[in-house]
Amino acid sequence: IKAVIYCRISSKTQEIEGHGLESQESRCRDYADSKGYSVVGMFPDTITGGGDFMNRPGMVALLSFLDAQPDQRYVVIFDDLKRFARDTRFHLDLRDAFRRRGALIECLNFKFEDTPEGEFIETIMAAQGALEREQNKRQVVQKMQARMKNGYWVFRPPVGYHYAKEARHGKILVRNEPLASIVQEALEGYASGRFETQMEVARFLEGQPAFPKSDAGTVRQFEVTRMISRPIYAGYICHDDWKLNWIEGHHEPLISLATYERIQERRNQGARAPARKDINEDFPLRGFVVCGDCGKPFTACWSKGKYKKYPYYLCGTKGCKSERKSIPRAKIEEPFDKIVQSLQPTQKLFNLVKQMFRDAWAQREKQAVAISDTYKKDVKAIDTQIESLLDRIVATNNSVIVSAYEGKIEKLDQDRRIIAEKMKNGAVPMGRFEDFIELPLNFLANPWNLWKSGQSVLRQTVLRLAFSERIAYCRETGYQTPKTTLPFKVLEVFNTGERKLVELEGVTSNSLFEVLEEWESHLKGIEMDIPSSDSRTPPAPRLRGPSL
């Protein structure tokens, strides 16, 4: 008599650590020897299948083996009845599947009998197995929910984390380098505007050898969307199905909650057209310089002449009087070079501005205590509003009103967490003035040096950080006066003879440092070969463009 063995364990861990398959197979072979059976095959499974035997590859392979030899009769040996099926319906279906194939079933600790009494006992045993399976599932879910409520993630670790055992916390998420730094740079880059679109985030991740990719070497859009929408990277645990919202986790966050909020704001602003990779190297001002007649960004192209190609910028807006009228690249880019040169300060002017920044920093530090008191008052006011809303929920039976109140409470609670994080991090950036200001000052001192490097990333950085708006260009008169960002406006004020920080269009030193903080967040993810602000080479002289 020929026999086949079926063995099953519930996880790969049991296979690796518990040697479950080997012990089951050994017991089944001993049983077959005692019965005089000839074992011709063994079919293993390392998953549960959720009760459905057709979700188990080993069981499917066993049934296919029997189907391939319809004239042969086999005995199928199981180690335990629970290995057969732990669901009453699937147990009976699997019993019929073997019966149709003419296979006999034998179990080491249960005797199958084709009698009414035997089938009754078999059904009771199968039901007991199903009950145990559902009870185990319930216990596992309850334990997972309880651990998540205590601030611990229990599912597969997100990219950038892995699990480690600690004496105090047990199994907890910890940074998985270099992936943690890659994810952090991608998230902060999207929040700061360094990456304009999710597609640019995907391109950045595709350029990182350590980041996991598809077989085609790409990062899919849904993976980027999922990554930038996960609160766990900000240090919080959420699970919609279990109604667990914004539980502070014990793991180290990769980004701040404020950064997470900026990311969500940018997502809600709607999609932007991704920057084209193939043309920006040849036309760095494409999409930045706008037509002076219609206000729409110029496009660019190479035009084929008799002997070679020629580069042109042009307006592609239908109905514009400059539509499809080409402008040689040199006429656009050479005057713009002079505009960027005019932004670069002299050493003397730069030193004056740096000292002004230092004085403003010291003044801002003195305001930290007052700002902290304001935060405390804001938290107290939010707590009062939440208590009032809770009282209203208790007093009403209208489900629509209750849902609206709960939504307001969730929003207030999130505002409170953001304020609490600001209080925790301090009213001003921690550390020395030089540590915080080094990258922004290096950029402020070297816009022309970065631009003339010709590197696409650095040129895009100059456009984003130095100019507050796109620049208009007229074919007849050239460039209109550009609008620069606040730090460069401060340089202009100092260059006219002022020696103190004055209000510029209603903004103050706090606004200035907010801009510098955004610069710092943007610049720290970019490799820049810039000389230090204290030991830099003398900059190019201040030059004026023809229309300034």
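Phe 120, Ile 121 and Ile 124 make up a nonpolar surface patch with about 310 Å² of accessible area together. Patch members have over 30% relative accessible area and no salt bridge, with nonpolar side chains (Val, Leu, Ile, Met, Phe, Trp, Tyr) joined within 5 Å and like charges within 9 Å; areas come from the Shrake-Rupley method with a 1.4 Å probe, counting only the protein chains shown as cover. This is a predicted model, where local features need pLDDT of at least 70, side-chain atom pairs count only at pLDDT 80 or more, and totals for chains, interfaces and linings use all residues. Residues are numbered from 1 along each chain as its sequence is written, and side-chain values use heavy atoms, leaving out hydrogens and water.

**The patch**
- Phe 120 lies in helix H6 (residues 116–149); helices (H or I, at least four residues) and strands (E, at least two) are DSSP runs numbered from the N terminus.
- Phe 120 counts as exposed at 55% relative accessibility (buried is under 20%, exposed over 50%, partly exposed in between; 1.4 Å probe, protein chains only).

**Salt bridges**
- The count comes to 12 salt bridges, each a side-chain nitrogen of Lys or Arg within 4 Å of a carboxyl oxygen of Asp or Glu.
- Glu 200 and Arg 464 form one of them (3.6 Å, N to O). Glu 200 lies in helix H8 and Arg 464 in helix H17, so the pair ties together parts 264 residues apart in sequence.
- Glu 200 is buried at 11% relative accessible area, while Arg 464 is partly exposed at 26%.
- Asp 383 pairs with Arg 416, their closest N and O atoms being 2.4 Å apart.
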